[in-house]
Amino acid sequence: MRPTTRTTTSRAIALLAGAAATALVLTGCSSGSSGASTGSGDVSGSITLQTWALTPTYTDYLNGVVKDFEAKYPKAKVKLVDQPGDGYADKVLSQASSNSLPDVINLPPDIALPLAKRGFLQDVAKDDTKLSSTYVKGALAAYNYKGVDGTFGYPWYLNTDVDYWNKTMFQKCGLDPADPPKTTDELFSQAETMHQKCPDDYLMSRKPGLSDFSLAGVKIINDQGTKFTFANSSKAADLIAKYAKAYKEGLMPSSVLNTDYLGNSTLFTQGKVAWTTGGATAISDFEKNNPSLKGNIIVSPALDNPPLYVQGLSVSAKSKHVATAEALARFMTDAKNQEAFAHLVNIFPSTTSSQSDPYFSKDDGTVEAKARVLANDALKTAKNLNPVEANSAMTDFLDQQIALAMKGGTTPEKALQTAQTKMNTLLANG
């Protein structure tokens, strides 16, 4: 179970291209469509449900949902298959290339993208007119792709980030723990104040990335999803220049640009920086790993716009029982079943009606409950800040160029252009 993943999307498209061409000839559908089958018809027949690293921990829950589904639809039978966490993307791509995708597949948006582009996934919006009124807007949008018409997954479970701050460091260094930064601009301002009062302490401990460009209003990729465009915006260069200036002035640890950088979450846990981001339950890990933080952490909404992490259930366009597969995906992602799942694991339902559930919406006065309520509220406006077309090889190269610019080894403009050229080459040659 993972809130988000990074896969090599362009490589996946290349791997699937040949298999898709054969499959499309056989089925009569065109690339980017959802196949000839529709979800109309009886909910009957035997189908396979594939999940990702959920057993044995959640076997009882999954078996219970399958049992309830089969009781509701007596003519349907479901076989549950769970795949290990490691190598899952490659496993799914192999299944697609051999034309053996399970009927219902647990897919995050980035793994679903190459499958959708090559016609392996059903456009579930064709058969379900209630999608937009049932699911959180951002979660549903995660399965809408540039250059492909349709919705290629039912949002299953969600997560997002909130901000965590060290109260003692705030008080010691001239900051008000009751008024932590709400925007990136305020973060820079308060980081400067902290550095002036406490030269050896830090508020910031990170460099920017694609998500920060999105928050700054930069257009990351064109409307067709075929070319990255972030280097065309002066806002992206301005943001890097701002981070470079902060780094030069000592507003963040020098290790931020090193390959062995521990990450701001680790430095926060060690009490070396006063800010980090994390999920709604991250506070328990902070306190477990450093008991001195207990009672010393304050929580607030994510800066600017909260990020969205999505897992979903997609339906194979080649399924012999599309109606049954869609019914199962819809059943598993209804409010009742998602809420039951969210009480077992630290995630949030994607159903809009679940946002009023007291478990997610009621603050009992503890920091833990406040974090959960803040995250629940954030999901109303959260969105995927990184385009799914940007795979790990691309973002790693961009990260290297940004680090080079922050060190003064190149200009922000040149770093961005170099990264964009490389990323577009990778995208085109995928």
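Modeller: What follows goes through a sheet, the nonpolar cores, a helix pair and a few single residues. This is a predicted model, in which local features need pLDDT of at least 70 and side-chain atom pairs count only at pLDDT 80 or more, while totals for chains, interfaces and linings use all residues. Residues are numbered from 1 along each chain as its sequence is written, and side-chain values use heavy atoms, with hydrogens and water left out.

Biologist: Fine, so in what order do the strands of the open sheet come?

Modeller: The order is S6-S5-S7, with antiparallel pairing; strands here are DSSP E runs of at least two residues and helices are H or I runs of at least four, numbered from the N terminus, and two strands pair if DSSP finds at least two bridges between them.

Biologist: Which strands stand at the edges?

Modeller: Strand S6 (275-278) and S7 do, and because each has a single partner strand, one side of each is left without a neighbour in the sheet. Neighbouring strands of this sheet are turned by 30° against each other on average, direction ignored.

Biologist: How many bridges does S5 make with S7, and how many with S6?

Modeller: Strand S5 (residues 162-166) pairs with S7 over five bridges and with S6 over four. Aspartate 163 stands opposite serine 300 in S7, whereas the bridge partner of tyrosine 164 is threonine 276 in S6.

Biologist: Is S7 mostly covered or mostly open?

Modeller: Mostly covered, since four of the five residues in S7 (residues 297-301) are buried, where buried means under 20% relative accessible area, exposed over 50%, and partly exposed in between, using a 1.4 Å probe and protein chains only. Helix H16 (residues 367-378) lies across S5 and S7, running at about 15° to S7; axes are lines fitted to C-alpha atoms, for helices over the stretch in contact, and angles run from 0 to 180 degrees between N-to-C directions.

Biologist: Switching topic, which residues have the most contacts inside the largest nonpolar core?

Modeller: They are Leu107, Leu121, Tyr145, Tyr164 and Phe341, in a core of 78 residues. Helix H13 (residues 322-332) gives the most to this core, with six residues. Apart from it lies another core, of 49 residues, including Ala191 and Leu303. A nonpolar core is a set of buried Ala, Val, Leu, Ile, Met, Phe, Trp, Tyr and Cys residues joined through side-chain atoms within 4.5 Å.

Biologist: And at what angle do H10 and H17 pack?

Modeller: Helix H10 (residues 234-248) and helix H17 (residues 392-407) pack at about 55°, with their axes 8 Å apart. The contact (heavy atoms within 4.5 Å) is made by Ile240, Tyr243, Ala244 and Tyr247 of H10 and Ile402, Ala405 and Met406 of H17.

Biologist: What does aspartate 212 touch?

Modeller: Not counting residues up to four places away in sequence, aspartate 212 touches Arg206, Lys207, Leu239 and Tyr243. Aspartate 212 lies in helix H9 (residues 210-215) and is buried, with a relative accessible area of 9%.

Biologist: Last one, where does tyrosine 143 lie?

Modeller: Tyrosine 143 lies in the loop between helix H6 (137-141) and S4, and is buried, with a relative accessible area of 0%.
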